[in-house]
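Visitor: I have a model open and would like to learn how to read it. Where do we begin?

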Amino acid sequence: MSRNNRDDFSAATVRDLARRASYICSNPECHNLTIGPASNDLEKIVFLGKAAHITAASPLGARYDPSLTPGERRDIKNGIFLCPGCADKIDKNKDKITQLTCYINGSVTMKSGSQRT
Ligand SMILES: [Zn+2]
């Protein structure tokens, strides 16, 4: 684990998750665009997306799975690309949303605890 006790994604994994999702939130009920031009500089962009962990990066996070290795927690297969609102929503509702299923095309299904399979 890293110094702050989190198995964070590498910069390359964050970039790949964003590109695979075309910088669009992967929540099928959202699909917000997360990138755009900076209003004060024509050569810059504003990037708001987040590479969220499907199972948490640390034991204190939402949906932590102790059976995964640190490498599995950092792997792109444990990531999903979301807008800031959706990323906060899934982490702040950690008792209700217990499972995220990530598909190869970047879409995600959120299931509540009562719908667990
Ligand atoms: Zn979203």
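Guide: Let's begin with the overall layout. This is a predicted model, and the protein chain has three helices and six strands.

Visitor: What pattern does the protein chain follow along the sequence?

Guide: Going along the sequence, you'd read α-β-β-β-α-β-α-β-β.

Visitor: And how do I read contacts?

Guide: Two residues are in contact if their C-beta atoms lie within 7 Å. Take the contacts here between residues at least 6 apart in sequence: 57% of them join residues at least 24 apart.

Visitor: What share of the protein chain is buried?

Guide: Of the 117 residues in the protein chain, 25% are buried. The cut-off for that label is 20 or more other C-beta atoms within 10 Å.

Visitor: Now the backbone angles. What is there to see about phi of Tyr23?

Guide: Phi of Tyr23 is near 60°, which is positive, and the residue is not a glycine. You'll find Tyr23 in the loop between helix 1 (11-20) and strand 1 (35-37).

Visitor: Why does Tyr23 count as partly exposed?

Guide: Because Tyr23 has 19 C-beta neighbours inside 10 Å, and partly exposed covers counts between the exposed limit of 12 or fewer and the buried limit of 20 or more.

Visitor: Where does His31 lie?

Guide: His31 is also in the loop between helix 1 and strand 1. Its phi is near 55°, again a positive value in a residue other than glycine.

Visitor: How many other C-beta atoms does His31 have within 10 Å?

Guide: His31 has 14, so this residue is partly exposed.

Notes: Residues numbered from 1 in each chain as written. Predicted model: local features only at pLDDT ≥ 70, side-chain atom pairs only at ≥ 80, totals over all residues. Helix = DSSP H or I, 4+ residues; strand = E, 2+ residues; numbered from the N terminus.
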